[in-house]
Amino acid sequence: MLVLSRKAGESVLVGDDVVITILEVRGDVVRVGIDAPRSVAVQRAELIAQLESSNREAASPSEAAVASLAKALRTSR
Amino acid sequence: MQEIPVIDLVRPMPGFDGDQRFALVRLDDDGTLCELRSLDHEDLRFLVITPGQFFDDYEPVLGDEDVNLLGLTSAEEALVLLVLKPGESLASTTANLVAPIVVNTTNRRAAQVILDDSRHALAAPLVV
């Protein structure tokens with residue numbers, strides 16, 4: 001991992017067209033501005049981790065859970 | 001909803017890198033409850049619904065990257081599926097509104113898109 005020290009207002013260029021700017025440092029919170037083409041996905045890492053865990057919890061429910069949900073949906077309409 | 005025999009998940013779901021081909025299969029007569037069944041691992045499946053009757057005002061907006069990835073040319077060809085986590089009862093069953101699976105029904109390309117919008121919940125109770 002490349003480690004750089006930056007001050008508020010300073011930037012890092014990633015590739016040709018992604019600019020990461022440190023906007024503000026206050027206590028333990030760093031505000032970061034990311035300027036990237038619309039074709040580049042920028043995601044918060046913890047959101048991907050939460051989604052992975054949500055997907056794992058949703059995967060392959062038991063037959064009993066599926067049957068019970070199907071029945072509940074049928075009777076709710 | 002319609003059944004689709006082979007869906008190509010062009011970007012794997014986080015946590016399931018090895019599963020790229022799925023089938024969309026109905027689990028009830030009117031097609032409300034469906035499953036996405038992995039064609040790569042036969043024991044993997046996800047329960048899905050379309051948002052329509054459960055989340056009236058849910059209108060995911062896709063970014064350019066996802067639109068291009070799926071090759072979508074119109075909103076009509078996009079099928080939006082919400083992944084369910086079944087609970088003990090209907091009341092404790094939740095849907096993932098943060099990351100719906102969007103299927104291009106024309107070319108059968110799909111991806112779990114991430115909507116980083118604080119209005120959406122990862123585990124929203126089903127509204128019935």
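Colleague: Which residue is the bridge partner of B:D8 in β2(B)?
Modeller: This is a predicted model, where local features need pLDDT of at least 70, side-chain atom pairs count only at pLDDT 80 or more, and totals for chains, interfaces and linings use all residues. Residues are numbered from 1 along each chain as its sequence is written, chains are lettered from A and ligands numbered from 1 in the order in which they are written, and side-chain values use heavy atoms, without hydrogens and water. β1(B) and β2(B) pair in the antiparallel sense over three bridges (strands are DSSP runs of E, at least two residues, numbered from the N terminus; a pair needs at least two DSSP bridges). In β2(B), B:D8 has as its bridge partner B:R21.

Colleague: And in β8(B), what is the bridge partner of B:D8?
Modeller: Strand β8 of chain B covers residues 109-112. β1(B) pairs with β8(B) in the parallel sense, over three bridges. The partner of B:D8 there is B:R109.

Colleague: How many aromatic pairs are there over all chains?
Modeller: The rule takes rings of Phe, Tyr and Trp (its six-membered ring) with centres within 6.5 Å; planes under 30 degrees apart are stacked, over 60 edge-to-face, the rest tilted. Over all chains, the count is two.

Colleague: How many residues apart in sequence are the parts tied together by B:F16 and B:F46?
Modeller: The pair is edge-to-face, 5.3 Å centre to centre with 90° between the planes. B:F16 lies in the loop between β1 (4-11) and β2 (21-26) of chain B, and B:F46 in strand β4 (residues 45-49), so the parts tied together are apart in sequence by 30 residues.

Colleague: Is B:F46 buried or exposed?
Modeller: Buried means under 20% relative accessible area, exposed over 50%, partly exposed in between (1.4 Å probe, protein chains only). B:F46 has 0% relative accessibility, so it counts as buried.

Colleague: Which class does the pair of B:F22 and B:F46 fall in?
Modeller: The ring centres are 6.4 Å apart. The planes stand at 50°, so the pair is tilted.

Colleague: Which residue has its charged end over the ring of B:F16?
Modeller: The rule wants NZ of Lys or CZ of Arg within 6 Å of the ring centre and within 35 degrees of the ring normal. Here the charged end is 5.5 Å from the centre. The residue is A:R56.

Colleague: Is A:I34 buried or partly exposed?
Modeller: A:I34 sits in strand β3 of chain A. Its relative accessibility is 45%, so A:I34 counts as partly exposed.

Definitions and conventions: Helix = DSSP H or I, 4+ residues; strand = E, 2+ residues; numbered from the N terminus.
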